[in-house]
Amino acid sequence: MALKLDAASAPDGPDGSKAVKKILSGPVNIAIGVAELRNQGFGSGHGQASAPSGLGMRHARLTVNAAVTWCELILDTLSEPAAPWRKAKV
């Protein structure tokens, strides 16, 4: 929200268009989905006694690629001089 990347706070202009708002709802779901997957015992961060099972390589690739997309969006937004969050401070 602070970076104005959530669909609800997208400013007027290209970031506030219906299509961009629809796309911006994806990264929010990516972050939530990756956290939920990890918390359901499929991640290695909670010290399971046994290796997680049930997910395949396609699930791993989907999760990693989704996380990369989210990270790139955040880093691009932080470095963009014309990013919506910078405009809000003016």
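Pro27, Ile30, Ala31, Val34 and Leu37 in H1 meet Thr63, Ala66, Ala67, Trp70 and Leu73 in H2. Meeting here is contact, defined as heavy atoms within 4.5 Å. The helices come from DSSP runs (H or I, at least four residues; strands are E, at least two), numbered from the N terminus. This is a predicted model, in which local features need pLDDT of at least 70, side-chain atom pairs count only at pLDDT 80 or more, and totals for chains, interfaces and linings use all residues. Residues are numbered from 1 along each chain as its sequence is written, and side-chain values use heavy atoms, with hydrogens and water left out.

How do the two helices pack? Two packed helices are described by the angle between their axes and the distance between the axes. H1 and H2 pack at an angle of about 135 degrees, and their axes are 9 Å apart. That angle makes H1 oblique to H2. The axes are lines fitted to C-alpha atoms, for helices over the stretch in contact, with angles running from 0 to 180 degrees between N-to-C directions. Angles under 35 degrees count as roughly parallel, over 145 as roughly antiparallel, 65 to 115 as roughly perpendicular and the rest as oblique. The crossing of H1 past H2 is left-handed. A crossing has that hand if the near helix is turned anticlockwise from the far one by less than a right angle, and is right-handed if clockwise.

Now take each helix in turn. H1 covers residues 18-42, 25 residues in total. Its first and last C-alpha atoms are 35 Å apart, close to the 36 Å expected at 1.5 Å a residue. The expected span is 1.5 Å times one less than the number of residues. H2 has 23 residues, which should span 33 Å at 1.5 Å a residue; its end C-alpha atoms are 33 Å apart, which agrees.

Which residues of H1 are buried? They are Leu24, Pro27, Ile30 and Gly41. Buried means under 20% relative accessible area, exposed over 50%, and partly exposed in between (1.4 Å probe, protein chains only). These buried residues of H1 pack against H2, residues 57-79. On the H2 side, Ala66, Ile74 and Thr77 are buried. An α-helix has 3.6 residues a turn, so residues three or four places apart point the same way.

At the end of H1 comes another case. Phenylalanine 42 belongs to helix H1. It counts as partly exposed because its relative accessibility is 31%. Phenylalanine 42 and leucine 55 are 13 residues apart in sequence, and their C-alpha atoms are 7.9 Å apart.

Next, the core. The largest nonpolar core has 6 residues: Leu3, Leu5, Leu24, Ile74, Ala83 and Trp85. Such a core is a set of buried Ala, Val, Leu, Ile, Met, Phe, Trp, Tyr and Cys residues joined through side-chain atoms within 4.5 Å.

Start with isoleucine 74, which is found in helix H2. Isoleucine 74 counts as buried because its relative accessibility is 18%. Leaving out residues up to four places away in sequence, isoleucine 74 touches Leu3 and Leu5. Isoleucine 74 and leucine 3 are 71 residues apart in sequence, yet 8.3 Å apart in space, C-alpha to C-alpha.

Threonine 77 counts as buried because its relative accessibility is 8%. Its contacts, not counting residues up to four places away in sequence, are Leu3, Leu5, Ala83 and Trp85.

Alanine 83 lies in the loop between H2 and helix H3, residues 84-89. At 2% relative accessibility, alanine 83 counts as buried. Alanine 83 and aspartate 15 are 68 residues apart in sequence and 9.3 Å apart in space, C-alpha to C-alpha.

Is alanine 8 buried or exposed? Alanine 8 is exposed, with a relative accessible area of 75%. It is found in the segment before H1. Its C-alpha atom is 9.1 Å from that of serine 25, 17 residues apart along the chain.

Last, the whole chain. It has 3 helices and 0 strands, and its elements run α-α-α from the N terminus on. Of its 90 residues, 17% count as buried. Among contacts with a separation of 6 or more, residues 24 or more positions apart account for 44%.
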